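Dear colleague,

Please find below the structure that I am handing over to you, together with its sequence. My notes on what was found in it follow directly after.

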Amino acid sequence: MSHSSTLSHINSTISHKLGEIEHQIEKLKEAKREIESLQEEAMSEIKDILRPHLDHHWTGTFAEEFDDKRDQAHTEAYRIVTDKYDGYMYRIGLKMTQLEIEKGGLLAARSIAREAEHLLTLGEEALDAVGDKIQSIKRSWSWFKWK
């Protein structure tokens, strides 16, 4: 395979992978926004669990048991909405960071490929440098599949 066709293949692969990563990042951002919205809505609804407030007009064993069960339901709902939703958003954030790092690696590979393309325009004396750049990409980026 000539240097020119190898670089073309590298650039095509990089562009494809960058597109996939951007798509995944956008889907994760959308999911995070939806979870945040659901969390805000749930927090608002959780407040309603404690309404109406039972005051001194409602007394007795049944009233105390009801109030205890209602407090338990409120506590559990609050735990779910804070802990679990925050956990989901944390994991989404981690995955987005991982994808951003991968994207940075792809952008670096694209930069090296562009340098190699430029060297190709310099003629015969630059061919060894082009080969070195291509080998650098092959060694550094295991995601790249060779024909």
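I begin with Pro52, which is located in the loop between H1 and H2. Please note that the model is a predicted one. The peptide bond between Arg51 and Pro52 is cis, with omega at about -5 degrees. For context, most peptide bonds are trans.

**The helices and their packing**

H1 and H2 pack at an angle of about 165 degrees, and their axes are 8 Å apart. Angles over 145 degrees count as roughly antiparallel, and H1 and H2 are therefore roughly antiparallel to each other. The crossing in which H1 passes H2 is left-handed. Sorted by class, the residues in the contact of H1 with H2 comprise 30 nonpolar, seven polar and 13 charged.

On the H2 side the contact is formed by Ala109, Ile112, Ala113, Glu115, Ala116, Leu119 and Leu120, and on the H3 side by Leu127, Ala129, Val130, Lys133, Ser136 and Ile137. Ten residues of this contact between H2 and H3 are nonpolar, one is polar and two are charged.

H1 and H3 pack at an angle of about 30 degrees, with 11 Å between their axes. H1 passes H3 in a crossing that is left-handed. H1 contributes His3, Thr6, Leu7 and Ile10 to the contact, while H3 contributes Leu127, Val130, Gly131, Ile134 and Ile137. The contact of H1 with H3 has six nonpolar and three polar residues, and no charged ones.

**The annotated region**

An unreviewed UniProt entry carries the annotation "coiled-coil region" for residues 18-48.

Which residues does Leu99 contact, leaving aside its neighbours within four places in sequence? They are Ile21, Gln24, Ile25 and Leu28. The C-alpha atoms of Leu99 and Glu22 are separated by 8.4 Å, although the two residues are 77 residues apart along the chain.

Not counting residues up to four places away in sequence, Asn11 touches Arg110, Ala113 and Glu117. Of these, Ala113 is also listed among the H2 residues that make the contact with H3.

**Partly exposed residues**

Three further residues may be of use when you inspect the model.

- Asp67 lies in helix H2 and is partly exposed, with a relative accessible area of 27%. The C-alpha atoms of Asp67 and Met96, 29 residues apart along the chain, are separated by 43 Å.
- Glu76 lies in helix H2 and counts as partly exposed at 36% relative accessibility. Between the C-alpha atoms of Glu76 and Thr61, which are 15 residues apart along the chain, the separation is 23 Å.
- Ala129 has its place in helix H3 and is partly exposed, with a relative accessible area of 31%. Ala129 belongs to the residues of H3 that make the contact with H2. Its C-alpha atom is separated by 16 Å from that of Ser5, and the two residues are 124 residues apart along the chain.

With kind regards

How values were computed. Residues numbered from 1 in each chain as written. Predicted model: local features only at pLDDT ≥ 70, side-chain atom pairs only at ≥ 80, totals over all residues. Heavy atoms only, no water. Contact = heavy atoms within 4.5 Å. Helix = DSSP H or I, 4+ residues; strand = E, 2+ residues; numbered from the N terminus. Nonpolar A, V, L, I, M, F, W, Y, C, P; charged D, E, K, R; others polar. UniProt positions renumbered as here; feature names shortened; annotations may be inferred. Axes fitted to C-alpha atoms, helices over the stretch in contact; angles between N-to-C directions. Left-handed = near helix turned anticlockwise from the far one by under 90°. Parallel < 35°, antiparallel > 145°, perpendicular 65-115°, else oblique. Buried < 20%, exposed > 50% of the residue type's maximum accessible area, 1.4 Å probe, protein only.
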